Amino acid sequence: MIVKDIINLLYTSLKGGILFSLSHWFIYMAHHLSRLQMKVLYTLTGNIYMIYLEVVTTTRCTLKCRHCIGDIPEIKKDAQYSISFEEYKNYMDNLLKNIKSLKLVRILGGEPLLNKDIDKIIEYALKQSKIKQVYLVTNATVMLSNEVVNVLKKYPQKATVDISNYSANKELASKLKIKEIIEICKQNNISVNCPESYLWNPISPIKYHRRNTKENKRYYRSCASLCVGMHKTPDGGAAVFPCLRAGTLFLRKIGNQTEGKDYFRLDNKLQKEDIMKVHLNEDFDACRYCNFLEDKRKQVLPAIQK
Ligand SMILES: C[S@@+](CC[C@H](N)C(=O)[O-])C[C@H]1O[C@@H](n2cnc3c(N)ncnc32)[C@H](O)[C@@H]1O
Ligand code: SF4
Ligand code: SF4
């Protein structure tokens with residue numbers, strides 16, 4: 001018990017932790033070190049120190065990007081959704097009761113500012129002591145509402161507005177409100193990220209790639225997706241997948257993803273082992289439909305529209 005407590009303490013004091021995104025090399029290293037860190041801490045302490053979660057709060061979007069990494073524009077009308085605050089709270093409570101901490105939650109979509117409960121959703125995440133950082137990821141086509149600003153400014157140490165800067169793509173010039181969003185964040189002392197130039201990896205259309213288990217594991221490892229994405233599922237529940245794209249494949253009924261290996265459900269039966277099994281898996285069915293590794297070697301303008 002004492003050993004567990006000391007290890008918990010050591011970990012908490014090292015909470016500056018692993019860098020997420022200085023470059024692909026850092027992402028690659030961070031991905032593998034994060035997984036190793038979770039595994040070692042779970043083995044030693046029996047606790048889950050989760051690193052990362054992306055939450056799709058709505059599949060609605062103001063843009064229809066050809067290379068959307070989450071394949072959001074591919075979701076058919078009847079499979080689209082927006083998560084209500086009550087649903088979000090229920091999903092997160094089921095997760096949080098099973099984990100010791102969660103380093104970063106990125107609230108996104110689709111375009112998260114289209115979710116009518118987004119202020120309450122953000123505030124709920126910000127209030128949780130187990131969640132250390134909360135990012136709101138926006139394509140900057142929708143202005144922050146007063147309600148959202150009021151919530152964000154209450155938590156200056158914990159909240160960040162993460163603007164995906166699509167200004168390199170001139171076809172979007174009239175739609176982007178980047179300056180206005182930065183201005184309102186500055187006025188309210190809200191931390192804001194906005195990378196200078198932003199290029200994308202092209203995303204090839206979904207196609208089945210015959211890869212054996214060893215090849216598929218290697219593919220996933222090299223992809224180094226730090227994404228762990230939550231999607232609402234058609235039964236009204238929610239599940240966590242290795243990346244947003246995998247969740248979208250599930251909604252599109254493509255492939256054969258298995259609960260307990262390819263995803264875990266955020267229901268009241270959730271247990272620590274379910275979370276760890278998916279986090280430590282490397283053979284994801286979704287990766288056989290993905291060409292991300294080859295795509296990653298090229299770059300295109302961001303947010304080219306369909
Ligand atoms: C799926 S989007 C959702 C949030 C919001 N709609 C947006 O565009 O910012 C999440 C993040 O993925 C990034 N992204 C989407 N497609 C990408 C691609 N092909 N390559 C690199 N990043 C991509 C976006 O720029 C954004 O920062
Ligand atoms: S990347 Fe484009 S299509 Fe995808 S969610 Fe963001 S803005 Fe919408
Ligand atoms: S499906 Fe697999 S290879 Fe493709 S982005 Fe997701 S984790 Fe990476």
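Predicted model: local features only at pLDDT ≥ 70, side-chain atom pairs only at ≥ 80, totals over all residues.
Which residues in α8 are buried?

Helix α8 covers residues 244–251, and eight of its eight residues are buried. By name, they are Leu244, Arg245, Ala246, Gly247, Thr248, Leu249, Phe250 and Leu251. What do these buried residues pack against? Their partners are the strands β1 (49–56), β6 (229–232) and β7 (238–241). After α8 comes lysine 253, whose phi is positive, near 60°.

Let me now turn to the chain as a whole. The protein chain contains 10 helices and eight strands. Its radius of gyration is 19 Å, close to the 19 Å that the globule rule gives for 306 residues, so the chain is as compact as a globular protein of that length. Along the principal axes, the C-alpha atoms fill a box of roughly 55 × 50 × 40 Å. Buried residues make up 36% of the 306. Of the contacts between residues at least 6 apart in sequence, 78% join residues at least 24 apart.

A word on confidence. The average pLDDT of the protein chain is 91, and 91% of the residues score at least 70. Residues 8–22, however, have a pLDDT below 50, and this stretch makes 16 contacts in the model beyond near neighbours in sequence.

I move to the interior. In soluble globular proteins, nonpolar side chains tend to be buried together. Here the largest nonpolar core has 75 residues, of which Ile107, Ile122 and Val240 touch the most other members. The element that gives the most to this core is β1, with seven residues. For isoleucine 122, leaving aside residues up to four places away in sequence, the contacts are Ile107, Val134, Leu136, Val148, Val151 and Leu152.

Ligand 2 is surrounded by 13 residues, the closest being Cys61, Leu63, Cys65, Cys68 and Asn139. The shell around ligand 2 divides into seven nonpolar, four polar and two charged residues.

Ligand 3 is likewise surrounded by 13 residues, with Cys223, Ser225, Cys243, Cys287 and Cys290 the closest. What is the make-up of the shell around ligand 3 by class? It has 11 nonpolar, one polar and one charged residues. This brings us back to our opening helix: α7 (213–223) and α8 each supply at least two residues of the shell around ligand 3. The largest share, three residues, comes from α7.

Most residues other than glycine have a negative phi, and most peptide bonds are trans. Aspartate 71 has a positive phi of about 55° although it is not a glycine. Aspartate 71 is found in the loop between β1 and α3. Is this residue buried or exposed? Aspartate 71 counts as buried, because it has 22 C-beta neighbours inside 10 Å, and the threshold for burial is 20 or more.

Alanine 140 also has a positive phi, near 65°. Its place is in the loop between β3 (131–138) and α5 (146–153). With 25 C-beta neighbours inside 10 Å, alanine 140 counts as buried.

The loop between β1 and α3 (85–96) also holds lysine 77. Lysine 77 counts as exposed because it has 6 C-beta neighbours inside 10 Å. Its C-alpha atom is separated by 9.6 Å from that of threonine 59, 18 residues apart along the chain.

Finally, isoleucine 178 lies in helix α6 (residues 178–187). This residue counts as partly exposed because it has 18 C-beta neighbours inside 10 Å. Not counting residues up to four places away in sequence, isoleucine 178 touches Ala140, Ile163, Asn165, Ser167 and Cys194.

Note on methods:
Residues numbered from 1 in each chain as written. Chains lettered and ligands numbered in written order. Helix = DSSP H or I, 4+ residues; strand = E, 2+ residues; numbered from the N terminus. Rg over C-alpha atoms; globule rule 2.2 N^0.38 Å. Buried ≥ 20, exposed ≤ 12 C-beta atoms within 10 Å, placed from the backbone. Contact = placed C-beta atoms within 7 Å. Near = placed C-beta within 6 Å. Nonpolar A, V, L, I, M, F, W, Y, C, P; charged D, E, K, R; others polar. Core = buried A, V, L, I, M, F, W, Y, C linked by C-beta atoms within 7 Å. pLDDT = per-residue confidence, 0-100.
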